[in-house]
Amino acid sequence: MNTVISTKHYFNKMNLRHLLAYGLGIFMLASCDDNTATLGIDMMPSTDIVSKNFKTYDVTTESYAVGDAVLARTNKSYFGRFTDPETNTTIASDFMVQFHCEEGFNLPEIIRNDDACTRLDVRLFIDNFVGDSLQSFKLSVYELNKSLDPNADYYTNINPEEYIDATAQPIATKWFTISDRTISDADRWKTDYSNNIRISLPVDLGTSILRDYRQHPEHFANTSAWLKSENPCSKGLYFKLEYGDGAMAYIDLVQMNLFFRYYDGTLAKDTIGMCTFAATDAVVEATHFENTNLDQLVNDESCTYLKSPAGIFTMATIPADQIHVEDTINSAKLTLTRYNDEVESNFKLNIPQTVLLVRLDDYLNGFFENYQIQDGRESYLASFNSSTNTYTFNNIARLITGMAKEKKAGKATANWNKVLIIPVETTKDSSGGIVKLNHDFGMNSARLVGGKNNPIKLEVIYSSF
């Protein structure tokens with residue numbers, strides 16, 4: 001490129017600094033060519049060039065025994081015994097429940113036969129179940145003689161025998177199947193039918209409740225007053241599993257119904273009345289779980305397990321001290337792959353649908369007790385992908401960076417790089433945002449690729465300059 005320019009006119013008016021700058025521009029203009037492939041790159045210092053790297057790291061996993069003790073913060077109760085055909089492990093459960101007394105509770109002025117109860121029963125409404133609905137079970141019902149604190153935390157290893165008189169006879173017993181065979185198929189398929197177990201209680205207990213209302217209406221002012229009263233059943237009931245195997249019932253409502261005859265002034269005749277005490281969120285429902293044969297799963301080093309309720313978590317050791325955290329971590333993906341079931345059965349357990357990844361120390365220090373939810377920093381959620389048979393935590397980069405900083409600052413604990421993968425249930429608000437996390441109490445199980453002798457992979461993409 002040739003350039004001719006006259007500087008005579010400008011030389012008298014330009015100082016030397018401007019002339020030199022102008023001359024530099026002439027030099028740069030005269031030196032250019034048509035190749036601009038390195039334009040900008042050639043002008044950057046070599047230390048500023050961005051390099052993206054992809055690397056995988058081994059993550060060791062192992063099964064983590066829960067020991068039947070997880071926080072039992074749920075509004076459902078569980079009853080039955082079921083043996084998993086895939087793992088030959090058995091879980092049994094029974095439960096205690098309190099009853100709510102509505103504010104403004106009142107009864108008719110005239111109840112016939114000196115406030116006598118004509119019938120008292122409890123209904124256990126079944127929302128769902130696992131197993132064979134035709135298997136026979138026997139339960140016994142005991143009155144609690146020790147109050148459960150509605151403000152306390154209860155765990156799945158609670159011992160119901162501490163809340164009853166173990167030497168007393170049960171107030172009722174019941175043989176049943178989850179599918180009620182005492183009603184016709186036509187009634188069972190009616191739209192207003194709700195599957196339930198009905199247990200008759202002694203009517204003299206109901207009569208005592210009615211008579212106490214006449215003498216001490218303040219005992220029925222609200223739930224707190226009811227729980228503190230000495231009324232029969234006011235402290236709650238224990239439904240004890242006596243016999244049976246092959247099914248587990250999910251009970252979403254427990255309701256005690258008291259019937260009586262009273263004079264209806266409007267109708268000017270005697271009629272049947274009923275008052276109801278139901279289990280609600282305002283009172284305690286405490287399910288006791290007991291697992292057997294879990295040790296064989298926990299000790300299997302060729303894989304890991306997720307098993308609920310109150311069974312097994314998976315623990316992973318993140319190699320945070322091997323990752324170049326001085327560079328920028330763009331993403332860090334951890335994938336857990338589920339093995340397909342090996343046993344064919346009509347009564348297989350379900351697959352956990354949502355899992356939480358949380359630091360082991362955070363779990364031990366009360367993650368669930370403190371009503372925490374995933375924060376995208378030290379705890380994350382993943383859903384089961386049935387197409388790929390996996391749970392994927394797409395980016396746990398902040399977790400890894402935080403672990404490494406703790407180690408560098410000398411603040412690392414013995415569990416500094418350990419996390420748990422836990423089956424959970426989520427509660428969402430009207431906008432779909434997650435507002436509460438609880439342990440998953442469904443009958444679920446998954447066998448995962450991993451184990452101490454078979455590390456899984458953590459995929460990291462990071463940038464260096």
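Predicted model: local features only at pLDDT ≥ 70, side-chain atom pairs only at ≥ 80, totals over all residues.

How many cavities of 30 Å³ or more does a search of the whole structure find? I got four.

**Largest cavity.** I looked up its volume, which comes to about 130 Å³. The lining has 14 residues, and nearest the centre I find Asp84, Glu86, Asp341, Ser445 and Ala446. Strand 20 (residues 444-449) gives the most to this lining, with three residues. Sorting the lining of the largest cavity by class, I have six charged, five nonpolar and three polar residues.

**Second largest cavity.** This one holds about 70 Å³ of space. I listed its lining: Phe82, Asp84, Thr89, Thr90, Ile91, Asn291, Lys307, Ser308, Pro309, Leu349 and Met443. Strand 3 (90-97) and strand 12 (303-308) each put in at least two residues. By class, I see five nonpolar, four polar and two charged residues here.

**Helix 5.** Next I checked the length of helix 5 (residues 203-215): its 13 residues should span 18 Å at 1.5 Å a residue, and the end C-alpha atoms sit 19 Å apart, which agrees. Which residues of helix 5 are buried? I noted Leu205, Gly206, Thr207, Ile209, Leu210, Asp212 and Tyr213. As for what covers these buried residues, I found strands 4 (117-131), 5 (137-143), 9 (247-264) and 10 (269-278) among the elements, along with helix 3 (112-115) and helix 6 (223-228).

Conventions. Residues numbered from 1 in each chain as written. Heavy atoms only, no water. Helix = DSSP H or I, 4+ residues; strand = E, 2+ residues; numbered from the N terminus. Expected span 1.5 Å × (residues − 1). Buried < 20%, exposed > 50% of the residue type's maximum accessible area, 1.4 Å probe, protein only. Contact = heavy atoms within 4.5 Å. 1 Å grid on protein atoms, 1.4 Å probe; cavity = no way out; pocket = protein on both sides within 12 Å on 5 of 7 lines; lining within 4 Å. Points joined across faces, edges and corners; volume = space filled by probe spheres on them. Nonpolar A, V, L, I, M, F, W, Y, C, P; charged D, E, K, R; others polar.
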